[in-house]
Amino acid sequence: MDKIEDIIKKPFQTTLIFFVNGKKVVEKSPEPEWTLLWYLRKKLQLTGTKYGCGEGGCGACTVMISQYVRDEDRIRHFAVNACLTPVCAMHGLSIITVEGIGSTQDRLHPVQERLAKAHGSQCGFCTPGIIMSIREDELEIISTTQNPGDIAHIVSETLRIPSHKVVAKVKRIGGGFGGKETRAALLAIPVAIAAYKLKKPVRAVLDRDEDMQVTGYRHPFLTKYKVAFDIEGKICGVLFNFFANAGNYMDISCAMIDRALNHMDNCYYIPNIEINAYLCKTNLPSNTAFRGFGAPKAMLAAECMIRDIATVLNKDYEEIVRINLYKEGDLTHYNQKLTYCTLSRCWNECVETSNYKLRKAAVKEYNRCNRWKKKGFSDIPKEFNVSLLKGAPNPRAVYSSKAVGEPPLFLAASVFFAIKEAIASARSEFGASLEFVLEAPATCARIRMACEDEITKQVKPTIKARGQPWNVLP
């Protein structure tokens, strides 16, 4: 008997040779208009393959095709609608119909058996096509992910099977906020390969410490800037340089850095701006998306800039905030003209209704009377564009979690700046400069070292101010 690869290598001929359910079929001078469905039913009398809509929509005529791929030295299996497939296109291929996978005379295929036991058919007309569709490389994945479509796509590419043959499902994951968007593939792919090769269910769960090591974190940022401003504190121009630790591969760092670029102004009008953003490849696990997706780091840098301007001019930072807030008709650095801009009104109302000035004065008095215990008081304006939910009874209802997720997250930055206010109070009593750097997160050690006094002077830093770490190459 001729082998499939030998048939393929033969020159052009009018004789059609293919295999159906393991048997060789030879057809001399076939008609070009013959469909595979017509040939199976009329010529070979294999009537298990049904004629339904005749347009490839119902799937009643589904059969499985096996093709030898010479370049990859493997056999590829795929399903086709026999009503649309010319029989002349079957030269050198192998076809399996519902009669070829099992019957009541010998033994039913497991899929046939389960459908019969579960009464999974109605009239039975479409059942053969359903069986062939299920049988051919079907894979179901239950994964902890925010993006099941992406998991299905990656698995289908890895296994080289059509995307519609991979079904990805998600149980309740208890909150996602970005961290479960892409990294589930690290575990889903090897499990899918094992299940596909073994034809058995495979389950894998990482320990918590393993999960934390491979999943990645929020992108660490180093932000450097140069800002020009007038004597009143009005910003004239800024040069930003962003350096993000992307980890050992790209993941979705490009989308993250793009979002950071759009939020680096926070809510301040900057007429002249230049931004340079860099994704740094390191030997750490790739970092990924988290709530805010690049925006909180950029907005934190903008707030640090505002406070640095206030320190240089010896003014309250609230005054610098007020004169730099976006106003109606201003143009953002991404060329959006602001309409219905209520930033100034919201800021003024918050300051007034919270008794902000009285509370800040009370904090200053407390710090004056206490040497070893300090308090800080701060607030931040922020900009998050949201959409209102249409047709809701509450006319102010917000669509999606944008208003209840990301703004409260960045509100926590006010705690960071309150800590800086407390540190500044301690430094002023000792006569230290009020211009200092506090890196986030503000750990106990960093807070204590920032409060310069006789004790901290006795601790020699491992890196000099103008030096560099041992692991940074020249």
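Reader: Which order do the strands take in the open sheet of three strands?

Author: In general, strands of a sheet pair through backbone hydrogen bonds, either parallel or antiparallel. This is a predicted model, and in it three strands make an open sheet ordered 8-9-10, with mixed pairing. Strand 8 (221–229) and strand 10 (273–281) stand at the edges with a single partner strand each, so one side of each has no neighbour in the sheet. On average, neighbouring strands here are turned by 10° against each other, direction ignored.

Reader: In which sense do strand 8 and strand 9 pair, and over how many bridges?

Author: Strand 8 and strand 9 are antiparallel, and nine bridges link them.

Reader: How do strand 9 and strand 10 run, parallel or antiparallel?

Author: Strand 9 (residues 235–247) and strand 10 run parallel, joined by nine bridges. Here Leu239 is the residue opposite Glu274 of strand 10. Helix 8 packs on this sheet and touches strand 8, strand 9 and strand 10. The direction of helix 8 makes about 155° with that of strand 10.

Reader: At what angle do helix 8 and helix 9 cross?

Author: For a pair of helices, read the distance between the axes, then the angle, then the residues in contact. The axes of helix 8 (residues 253–263) and helix 9 (residues 295–313) come within 7 Å and cross at roughly 35°. The crossing is right-handed. Helix 8 contributes Arg259, Ala260 and His263 to the contact, and helix 9 contributes Ala295, Ala298 and Met299. Sorted by class, that contact has four nonpolar residues, one polar and one charged.

Reader: Which strands stand at the edges of the sheet of five strands?

Author: The approach is as before: take the order, then look at its ends. The five strands form an open sheet in the order 2-1-5-3-4, and the pairing is mixed. Strand 2 (23–28) and strand 4 (74–81) are the edge strands, each with a single partner strand, so one side of each is left without a neighbour in the sheet. Neighbouring strands of this sheet are turned by 30° against each other on average, direction ignored.

Reader: How many bridges join strand 3 to strand 4?

Author: Eight bridges join strand 3 (residues 62–69) to strand 4, and the two run antiparallel. Within this pair, Ser66 stands opposite His77 of strand 4.

Reader: Which residue in the hairpin of strand 3 and strand 4 takes a positive phi?

Author: Asp73 does, in a hairpin with four residues between the strands. Asp73 sits in the loop between strand 3 and strand 4. Its positive phi is about 50°, although Asp73 is not a glycine.

Reader: Where does the cis peptide bond lie?

Author: Omega is the angle to read. The bond from Ala440 to Pro441 is cis, with omega near 5°. Pro441 belongs to the loop between helix 14 (413–430) and helix 15 (444–450).

Reader: How many cavities of 30 Å³ or more does a search of the whole structure find?

Author: Rolling a probe the size of a water molecule over the atoms shows where empty space is left. The search of the whole structure finds one cavity of 30 Å³ or more. The largest cavity holds about 30 Å³ of space.

Reader: Which residues line the largest cavity?

Author: The lining consists of Asp265, Tyr268, Ile270, Ile273, Tyr326, Leu331, Thr332 and His333. By class, the lining has five nonpolar, two polar and one charged residues.

Technical notes: Residues numbered from 1 in each chain as written. Predicted model: local features only at pLDDT ≥ 70, side-chain atom pairs only at ≥ 80, totals over all residues. Heavy atoms only, no water. Pairing = 2+ DSSP bridges. Axes fitted to C-alpha atoms, helices over the stretch in contact; angles between N-to-C directions. 1 Å grid on protein atoms, 1.4 Å probe; cavity = no way out; pocket = protein on both sides within 12 Å on 5 of 7 lines; lining within 4 Å. Points joined across faces, edges and corners; volume = space filled by probe spheres on them. Nonpolar A, V, L, I, M, F, W, Y, C, P; charged D, E, K, R; others polar. Left-handed = near helix turned anticlockwise from the far one by under 90°. Contact = heavy atoms within 4.5 Å.
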